[in-house]
Amino acid sequence: MSDFEPKIVAFFCNWCTYGAADLAGVSRLDYPPNFRVVRLPCTGRLNPKFIMEAFKRGADGVWISGCHPGDCHYIAGNYHARRKFVLMHQLLESIGVEPNRLRFSWISSAEANKFQAMARDVVENVKACGPNTTFRKEDLKLGLAEVA
Amino acid sequence: MPEYIVKESALTEFFKSLATGRRLLTPQGAGDKCKLEETGPDKVRFDYSNTHMSPKQLFFPQNENLMSFHNDASKSDPFVYKDLGDKANPAVIFGIRPCDAKGLSISNRVFQNDRFVDPYWKGKFDKTIKVGLACASPSPQCFCAAMGGSPYGEAGLDVLAFRVGSDLGLKTITPAGEELIKQTAASQADLAGELKNQEAAAVKSQGVGTDLKPIDDKDLMVLFQDPHWTATAENCLNCGVCTFFCPTCHCFDIQDEQSEKGGIRMRNWDTCMSWLFTVHGTGHNPRPSKTERVRQRFMHKLKYIPLKQDGTRGCTGCGRCVVMCPVNIDIREVALKMCQPQAPSQA
Amino acid sequence: MPALSDITSKIRESAKKLLADGRAEVVIGYRQGTVPLTTSPFFARSAADCDQLVWSNFSRINLANYLPGRPGKVALVAKGCDARSAIGQVTENQILKDNLYIIGVPCTGMIDTNLVVAKETRPIKEVVESTDDAITVKGEGFSTDIKKTDVLRRNCQTCANRTPKLADELIGAETPGAAPDDFSDIKALLAKTPAERMAYFKDLIKDCLRCYACRNACPLCYCPICFVDETRPQWLGKSNDPMDTLTFHLLRGLHCSGRCTSCGACETACPVNIKVREFNRVTELTVQNNWNYEAGLNWDQKPPLTMFQTDDPADFIK
């Protein structure tokens, strides 16, 4: 399991965590490259469908990060998002997605060090969960061998 | 064709011989969730009014892969769709009810006719011998006789089985059926009179159905434009339960799905109750509200199919939609409304 | 126990009066079903129509489902849960409060047909029901009495709001609510391992046909285009792939969170008896724990996902 490199889909708010990732980059703070970032205008834009789609298509983990409560560029986007996060987090955990596969954080654009630490933590925890085998769409059964 | 009889004590042996060289599917399962499944010849169930879902899914599964491709450039024919063809094995189904068999024969004319043959349906349908089980005591939900069928109907069947006391009577209908029964130890017997009496009693127990001839006589456009459809559709939820359970509903949707290694073209059941069924690429929808969609379903069953199939109604009276419908829309009531003389025009 | 015929005649009387006074253009109620063990939603627009309205132990489908976007004045025959759904729709601006008149019927729970059929396996030809606490089912050579408490729907067994207290009028006396859902089975499930929970929910939906009867019977599902029908992009495959099916049920649960009144219409409509409400119950438990909210209990409370508190708890967000 040690050489398992997870694929993680990260949804970052444009105004904070995305900036933090940039800052971490220009500050030469290294962090594991296991996640692919989708930039959102605000975590309030995050539709639960996005999380499902990521897992369904084989993501081993999903990481969602936005502005600290009170710091939303759109005043209240992340307050609304926070309630949705509670529901998504609870629902997915209840139906049997390991809690460490779905992570949420608040990281401002100045917190490059927090970003680095969080990125390492997320990747480490998803690694510990192992590959996502249960909450993903199975590979299509092409059935070509039978007709060849 | 002649009749045969199998004694109760020889039933297991009889089913074993049916299963020789073929798959045998028989009624299985508990309570009202009976289904036709492959299993041991000693576990055949007789105490069911009908299978929970219609047997159409044995020939026309809800999801069926038609063709697929791989994207491995190092192998031959990457990105080329290959027909997955017909992998069906010969089978015999015991226990189809006559209403469902008639439904299969109606769908068969859709999937196999002089203009078009669907290879996926044909492969399964033509390799399957259908042994029906007559309904001596039709369930309260049934109205096959009212739709021009019979609890002892033979349409779509190769053999019709019926209970004679605790023995099993068999009437062969097609040469394939005759050949099948000859391979078993069933002995020939004269049961024509018995069969006739049983059928008369069963039809009588269903009561007199409404005469639906006015629908046949009415002009299609008159039926189509009748104002009752708005009220008829008013309580419809537009779910797809009626179409999924109907033995003659056969509409499907073709979908492509891809994964990392290749892709599949599949067909899935679709339902005319759905908004998505008719929406165009432009966004225009010729059936924009549930009124049009409900009208389509009943017109299809009671007018379009009879027009295309020499008067055979597209409803076989199995009663599944009536019982399963969450809001109890009853095709018999709709048919009655369609029979009503048209109200004088408002204009 | 009140006689059903009394309730029926009071509903008819009220419906006629509402139509005559112009308080409503249509009264949405139930009429007798064409087969045993069912009723059918019915739209009464004239005094003659009103005589078809009935009240039965099978008045299950949530009639609030027919309200969203309906123009004109409408009266609704409603149980406790249906009235809550209608009130929820008013708070969600799906129907004007002034256009809605709720004929509330204090309810004692509705019967689950599947439980009746499990108790009496012979073909049932007729149901006799005179009071709201028992039925008699009859068929070829049998007549079986069944107590309603033995065959209540799951959601009715734990309904604390059987009387539609906010209705414009009540037909008959208030009925006591049952002990509310304690979610003990959900809580027990949450104590299991993730793998066990996943297995439980996958097994729950293994028979799903994707007919969407649960969605269409639901008074909360009024989106013009449901996410399962979206094509640009297409979020869900159309086959019965277990993951696509699970995604549908999960998102349906999320969309209904904080709005579900446990009316059970989804489970009643399901043709393959899936306990689809399990997903809603998980989200309802979350909503109650976090925001102490239950839908449809007053006219001006805002659904929990349309509002926030600056100090909402969310310890899992680091």
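User: How many residues of chain C are in contact with chain B?
Analyst: 31 residues of chain C are in contact with 32 residues of chain B, contact being C-beta atoms, placed from the backbone, within 7 Å. This is a predicted model, where local features need pLDDT of at least 70, side-chain atom pairs count only at pLDDT 80 or more, and totals for chains, interfaces and linings use all residues. Residues are numbered from 1 along each chain as its sequence is written, with chains lettered from A and ligands numbered from 1 in the order written.

User: Which element gives the most to the side of chain C that touches chain B?
Analyst: S2(C), with five residues. Helices (H or I, at least four residues) and strands (E, at least two) are DSSP runs numbered from the N terminus.

User: OK, loops now. Where is C:Leu37?
Analyst: In chain C's loop between strand S1 (26-32) and strand S2 (39-44). Phi of C:Leu37 is near 70°, positive in a residue other than glycine.

User: Is C:Leu37 buried or exposed?
Analyst: Buried, because 21 other C-beta atoms lie within 10 Å. The cut-offs are 20 or more for buried, 12 or fewer for exposed, and partly exposed in between, counting other C-beta atoms within 10 Å, placed from the backbone.

User: And what's phi of B:Asn328?
Analyst: Near 55°, a positive value, and the residue isn't glycine. B:Asn328 is in the loop between helix H11 (320-324) and helix H12 (331-339) of chain B, and counts as buried with 24 C-beta neighbours inside 10 Å.

User: Which peptide bond is cis?
Analyst: The one from C:Arg232 to C:Pro233, with omega near 0°. C:Pro233 sits in the loop between helix H8 (213-217) and helix H9 (242-255) of chain C.

Conventions. Two residues are in contact if their C-beta atoms, placed from the backbone, lie within 7 Å.
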